[in-house]
Amino acid sequence: MLRAGERFAVIGNPIGHSRSPRIHALFAHGLGQSIDYVARLCPLGDFARDLERFRASGGIGANVTLPFKIDAYACATERSPRAQAAGAANFLHWHDSHWFCDNTDGAGLVRDIENNLGVALRGRSILLLGAGGAARGALLPILEREPAHLCVGNRTHATAQALIAPWREGHAIDALALDGHLSDGERFDIVINATSASLHGDLPLPATSDLFAPTALAYDMMYGREPTPFMRWASARGATRVSDGLGMLVEQAAESYRLWRGVQPETAPVIAQLRSELARG
Ligand code: ATR
């Protein structure tokens, strides 16, 4: 139930494109609840003060998107292990007179792959492409599923090495330079694109094309009306299944809703609804 005056928002810059208000409205509708959730444009460099203004207006929960995920982490005085692992937060909750932050992106990714696409991560060989914020958010939730091997591939090898350094102990994890060659011809069951290469019209390609194990899944954190360039590239090179990141977007939002409201919304109808809205443009 909505308590009077409780407000929620997604905060970013730009923010006009955000589908989060629509997703949370659909969750609330499905649960017979109501929610006051809006898109909030925050001036660049002004996150902390804007969060104070939001709080003063009754704000108790926020999703945070680019470029403020590190600011959100810094503003919180209590941080979940997932947020600490990512060094960034996409979730804020005001309770006991302070901001608690979390990172629900990686959990959203794992839920979409395992629950919606039916592909277990446990015991699998996984290639995570990218070593920026998106990859950092995914690392701990992936490792918690106990894959047989997690390889982080990045254009800049040193960044991938720095990303995995804290996790080497006790995990089968290593780093790969994407201009190099994969060691001993390893094939991956799951290849996840967490780079921003497609924003620049590029592909985050390893030098080899022999990347995919039989029945492999190629997953792009990006989504769009059409299959992404990475999805098309993966299909042409032997990935049996490809998926974009629309399900991840909805699942990270569902995890946020659950943490704020204590109830898990149904995601399948919301993903289907968004998919059809996306197709209509
Ligand atoms: P985000 O927070 O979205 O992850 P980021 O921190 O800027 O964004 O990281 C972008 C990631 O995409 C990095 O891994 C980057 O590789 P580098 O570390 O080598 O910069 C990767 N990336 C961006 N453009 C790319 C391109 N054209 N080809 C391959 N990788 C690219």
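Helices here are DSSP runs of H or I with at least four residues, and strands are runs of E with at least two, both numbered from the N terminus. On that basis, the protein chain of this predicted model contains 10 helices and 12 strands.

**Overall dimensions and packing**

- Along the principal axes, the C-alpha atoms of the protein chain occupy a box of roughly 60 × 40 × 35 Å.
- Of the 281 residues in the protein chain, 53% are buried.
- When contacts between residues at least 6 apart in sequence are considered, 68% of them join residues at least 24 apart.

**Surface and charge**

- The side chains include 27 positive and 29 negative ones, with the centres of the two sets 5 Å apart.

**Aromatic pairs**

- Across the whole structure, a search identifies 9 aromatic pairs.
- In the pair formed by F8 and W260, the ring centres are 5.0 Å apart and the planes meet at 55 degrees, so the arrangement is classed as tilted.
- F8 belongs to strand 1 (residues 7-12) and W260 to helix 9 (residues 246-261), so this pair ties together parts separated by 252 residues in sequence.
- Both partners fall under the 20% limit for burial: F8 is buried at a relative accessible area of 1%, and W260 is buried at 9%.
- F8 and W260 also take part in a cluster, in which ring pairs link them with Y37, F91 and F100.

**The site around W94**

- W94 is located in strand 5, which spans residues 91-95.
- The relative accessible area of W94 is 25%, so this residue counts as partly exposed, a class that lies between the limits of 20% and 50%.
- Leaving aside residues up to four places away in sequence, W94 touches R55, G59, I60 and W99.
- W94 and M222 are separated by 128 residues in sequence, and their C-alpha atoms lie 29 Å apart in space.

Methods
Residues are numbered from 1 along each chain as its sequence is written. This is a predicted model: local features need pLDDT of at least 70, side-chain atom pairs count only at pLDDT 80 or more; totals for chains, interfaces and linings use all residues. Side-chain values use heavy atoms; hydrogens and water are left out. Buried means under 20% relative accessible area, exposed over 50%, partly exposed in between (1.4 Å probe, protein chains only). Contact means heavy atoms within 4.5 Å. Lys and Arg count as positive and Asp and Glu as negative; His and the chain ends are not counted. The place of a charge is taken as NZ of Lys, CZ of Arg, CG of Asp or CD of Glu. Rings of Phe, Tyr and Trp (its six-membered ring) pair if their centres lie within 6.5 Å; planes under 30 degrees apart count as stacked, over 60 as edge-to-face and the rest as tilted.
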